[in-house]
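Here is a short briefing on one structure. Have the sequence and the 3D view open as you read.

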Amino acid sequence: MTQEFLSPADVAASRRPLAEALTLPPAAYTDEGLWHVEKARVLARSWLPLARLDQVPEAGDYLSADLGGEPVMVVRGEDGAVRVLSRVCRHRAALVAEGQGCRKLFTCPYHAWSYDTAGALVRAPLMEGSEGFDPAMLGLREIRSEIWEGFVMATLDADAPAFAPQVSGLADYLANYNLGGFVVARTLDYAHGWNWKVLAENFMEAYHHIAAHSKTLEPGYHARDSQVPDTDQPWSVLHMPAADREAPQPPVPGLEDWQLRDLIAAIAFPGLMLAMQGPFMAWYQMTPLAAGQLDLKIHLCFPDWMQGLDDYAAIVDGAEASIRGVHEEDIAANDLVWAGLNAPLSRAGPLSPLEKSIWQMNQWWLGKMGA
Ligand code: FES
Ligand SMILES: [Fe+2]
């Protein structure tokens with residue numbers, strides 16, 4: 001039980017109604033023992049995004065990732081199907097691929113066993129004298145996956161409920177944006193020395209606009225105006241209305257004025273994080289690596305129809321500049337939080353009503369942890 005790591009009093013304090021609730025205690029972020037429990041109970045039992053379909057458009061295209069500690073790759077097979085395969089060789093566990101590229105065969109660098117794009121073992125040199133050797137039983141392990149709005153979602157949990165029904169309300173909320181039509185234009189890579197929840201929480205509230213983004217986001221998106229709808233599903237949406245109520249130009253088919261103007265930060269717990277504004281989506285892809293370590297890719301995505309625009313490159317450059325600028329401010333804030341969470345006298349603190357998304361995710365997380 002998590003009581004070993006989280007005291008009943010801490011759990012009860014985080015479980016109170018939002019107006020009285022405290023944050024999770026610092027150990028929920030910093031404790032190495034708790035991290036291993038969290039990895040098994042939360043990360044290994046949840047759906048996490050690994051790629052967009054447009055990142056593996058051709059047969060043989062693959063993209064490596066880490067799913068709860070399992071080295072995996074998203075591969076488009078010769079049959080056109082997109083699969084998530086373990087990258088661990090079935091002989092003596094060397095990784096058969098790293099990074100990304102396009103291949104007909106994945107040949108292990110150690111003893112040259114070769115797997116096809118569906119993971120089948122098609123060649124294993126010098127194994128003739130091995131009794132009971134059955135290539136059919138030794139394909140790369142396939143990881144359970146599901147395509148949702150162009151995202152390749154995967155889970156290590158064979159018994160997890162399907163993803164799409166859990167986020168039907170989120171799909172409805174974002175329907176006008178047509179998420180499935182977005183393509184990745186550029187990816188920004190970061191490595192951060194914090195717990196993944198520090199980043200997720202930072203992503204989910206606009207309260208910090210008043211200080212951390214006082215000159216960048218706050219003038220255009222006032223913290224006090226931000227709203228979070230109630231939901232009984234494992235996702236949260238932060239709506240940040242624009243201070244300027246003018247109808248933005250040019251209009252985009254399918255999107256209402258407020259959807260062009262306002263910022264939306266959506267999260268499907270624990271790790272599908274999307275920042276939307278009109279025909280722009282920043283997908284924050286976290287890879288938690290240790291209690292205090294994560295990799296982050298921020299994918300700048302636009303609807304496919306925008307790729308033909310004359311100024312597309314300039315639009316992507318502009319998006320990169322503004323995302324990088326805001327993220328630098330978030331890095332500075334998260335570094336301070338991480339230093340404080342690791343301090344011996346650090347304790348849980350009260351939440352603002354503007355931090356409802358954090359409270360929502362805490363309830364979900366405590367449930368997953370069995371607290
Ligand atoms: S470990 Fe892959 S072929 Fe030996
Ligand atoms: Fe921020």
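Predicted model: local features only at pLDDT ≥ 70, side-chain atom pairs only at ≥ 80, totals over all residues.

Residues are numbered from 1 along each chain as its sequence is written, and side-chain values use heavy atoms, without hydrogens and water.

**Iron site**
- His-208 (NE2), His-213 (NE2), Asp-330 (OD) and Asp-330 (OD) coordinate the iron ion (ligand 2) at 2.1 to 2.5 Å.
- Donors are N, O and S atoms within 2.8 Å of the metal (3.2 Å for Na, K and Ca); water is not among the atoms, so sites may look incomplete.
- The spacing of the donor residues in sequence is H-x4-H-x116-D.

**Helices α6 and α8**
- Helix α6 (residues 196-204) packs on helix α8 (residues 312-341) at an angle of about 130°, with the axes 10 Å apart.
- The contact (heavy atoms within 4.5 Å) uses Val-198, Leu-199 and Asn-202 of α6.
- From α8 come His-327, Asp-330, Asn-334, Val-337, Trp-338 and Leu-341.

**Helices α1 and α9**
- Helix α1 (residues 8-15) and helix α9 (residues 356-369) pack at about 140°, with their axes 9 Å apart.
- Val-11, Ser-14 and Arg-15 of α1 meet Trp-359, Gln-363, Leu-366 and Gly-367 of α9.

Key: Chains lettered and ligands numbered in written order. Axes fitted to C-alpha atoms, helices over the stretch in contact; angles between N-to-C directions. Helix = DSSP H or I, 4+ residues; strand = E, 2+ residues; numbered from the N terminus.
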